[in-house]
Amino acid sequence: MDFTGETNEHEAQENTPLSFTNRIDLTELQEGILKIRQELSKVIVGQKGMIDMLITALLAKGHVLIEGVPGVAKTITAKLLAKSLTVDFGRIQFTPDLMPSDILGTSIFDMKKSEFEFRKGPVFTNMLLIDEINRAPAKTQAALFEVMEERQITMDGTKYTLEAPFMVLATQNPIEQEGTYRLPEAQLDRFLFKINVEYPNLEEEIEIIAREHDLKDTKKVDKINAFLSRAQIIKYQNLVNDIIVEPHLLKYIAEIIINTRSNQFLYMGASPRASIAILKAAKAYAAINGRDFVTPEDIKNVSVPVLQHRIIVTPEREMEGMTSKQIINQIIQTIEIPR
């Protein structure tokens, strides 16, 4: 019996790109994301993964911790992202003598009114860049807990709500230890993503030098145009909430998290907050890639940046050079991908 015709037809079907129609109109969102990518690529060489994760976190209403050695464009990328949006932007340089009131604000007695008046600190903005977050002492870092989780601060018994959207982009240097304070696990858990910025390769390094030479006296930030407004960002964030996630994918997320708690190489696994973080991030990642439904690949792509700062490797494995990223990838490989 000849199966040649059947086989060729099957191969043709496999090689044909799948087409689908979204139930949610993501056209405007995709156009806006494309403009941000194009603007950032005017200055940033490579780092596509970092840029996509920053945009994903923005749409998922999450905060990002960016880790890398000095000079790999951590701070400039955060500034350029803010510049591509028509939102308020604030920057705080963390230092060992920084006090909580320097971030949140303080109450000052008004002699004319004979009452205390609250003066808002730099945290009252839409996008907040915290440079070298691990240089401030624990009490200053703790001042960010409420504002990062609930988008509000409580001062003298009064609650002050921050204007949406609100996003914290924090940078830290993993190498330098002098004059730094390790971030507490409770604060790390408030970050949706931890992004590790690697060195550029040879071609990217050449491109960076060439672009710097062409800039002359022009500032990098001046090359970036703002496209998305506050209202558009909020609209896109609401669209992301409607992205479809099938029940078997919810189980897939849960299996990844449960496996971190029973892994022999981990001293501490991920909490239910990590499950929710993967869900939100996967929905946003699907949206920026033009889909109104989440795939297993979306979950796999966001799992490392969501989990790597939420788990603790056992001291024995850490001494052997094993990283949280390697363990997460091992866990993902052992779990059957739902189809």
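Me: At what angle do helix α2 and helix α3 pack, and how far apart are their axes?

Reply: In this predicted model, helix α2 (residues 27–41) and helix α3 (residues 48–59) pack at an angle of about 140°, and their axes are 11 Å apart.

Me: Which residues make the contact between α2 and α3?

Reply: From α2 the contact involves L29, I33, I36, R37 and L40. From α3 it involves I51, D52, I55 and L59.

Me: What makes A284 count as buried?

Reply: A284, a residue of helix α12, has a relative accessibility of 0%. Buried means under 20%, so A284 counts as buried.

Me: Which residues is A284 in contact with, leaving aside its neighbours within four places in sequence?

Reply: A284 is in contact with T56, L59, A60 and V240. As to distance, A284 and M53 are 231 residues apart in sequence, and their C-alpha atoms are 9.5 Å apart in space.

Me: Which residues touch the most other members of the largest nonpolar core?

Reply: They are V64, L169, F193, I299, V302 and L307, in a core of 74 residues. Helix α12 gives the most to this core, with 10 residues. Another core, of 26 residues, lies apart from it and includes F118, I153, M155 and V168. In soluble globular proteins, nonpolar side chains tend to be buried together.

Me: What does F193 touch, not counting residues up to four places away in sequence?

Reply: F193 touches M53, T56, A57, H63, V64, L65, A281, V302, P305, V306 and H309.

Me: Why is Q172 called buried?

Reply: Q172 is found in strand β9 (residues 167–172). Its relative accessible area is 11%, and the cut-off for buried is under 20%; Q172 is therefore buried.

Me: How do you know that the side chains of Q172 and E67 make a polar contact?

Reply: The distance is 2.5 Å. A polar contact needs a pair of N or O atoms within 3.5 Å, one able to donate a hydrogen and the other to accept it. The Q172 and E67 side chains make such a contact. Not counting residues up to four places away in sequence, Q172 also touches residues including L65, I66, G68, K74, I133, N134 and L183.

Me: What makes R291 buried, and where is R291 found?

Reply: R291 is found in the loop between α12 (272–288) and α13 (296–307). Its relative accessible area is 14%; buried means under 20%, and R291 is therefore buried. A polar atom of the R291 side chain lies 3.1 Å from the backbone oxygen of F293.

Me: Why is L215 called buried?

Reply: L215 has its place in helix α9 (residues 202–215). With a relative accessible area of 11% against a limit of under 20%, L215 is therefore buried. L215 and K251 are 36 residues apart in sequence and 50 Å apart in space, C-alpha to C-alpha.

Me: How do you know that helix α4 is mostly covered?

Reply: In helix α4 (residues 74–83), seven of its 10 residues are buried. The buried residues are K74, T75, T77, A78, L80, L81 and A82.

How values were computed:
Residues numbered from 1 in each chain as written. Predicted model: local features only at pLDDT ≥ 70, side-chain atom pairs only at ≥ 80, totals over all residues. Heavy atoms only, no water. Helix = DSSP H or I, 4+ residues; strand = E, 2+ residues; numbered from the N terminus. Buried < 20%, exposed > 50% of the residue type's maximum accessible area, 1.4 Å probe, protein only. Core = buried A, V, L, I, M, F, W, Y, C linked by side-chain atoms within 4.5 Å. Contact = heavy atoms within 4.5 Å. Axes fitted to C-alpha atoms, helices over the stretch in contact; angles between N-to-C directions.
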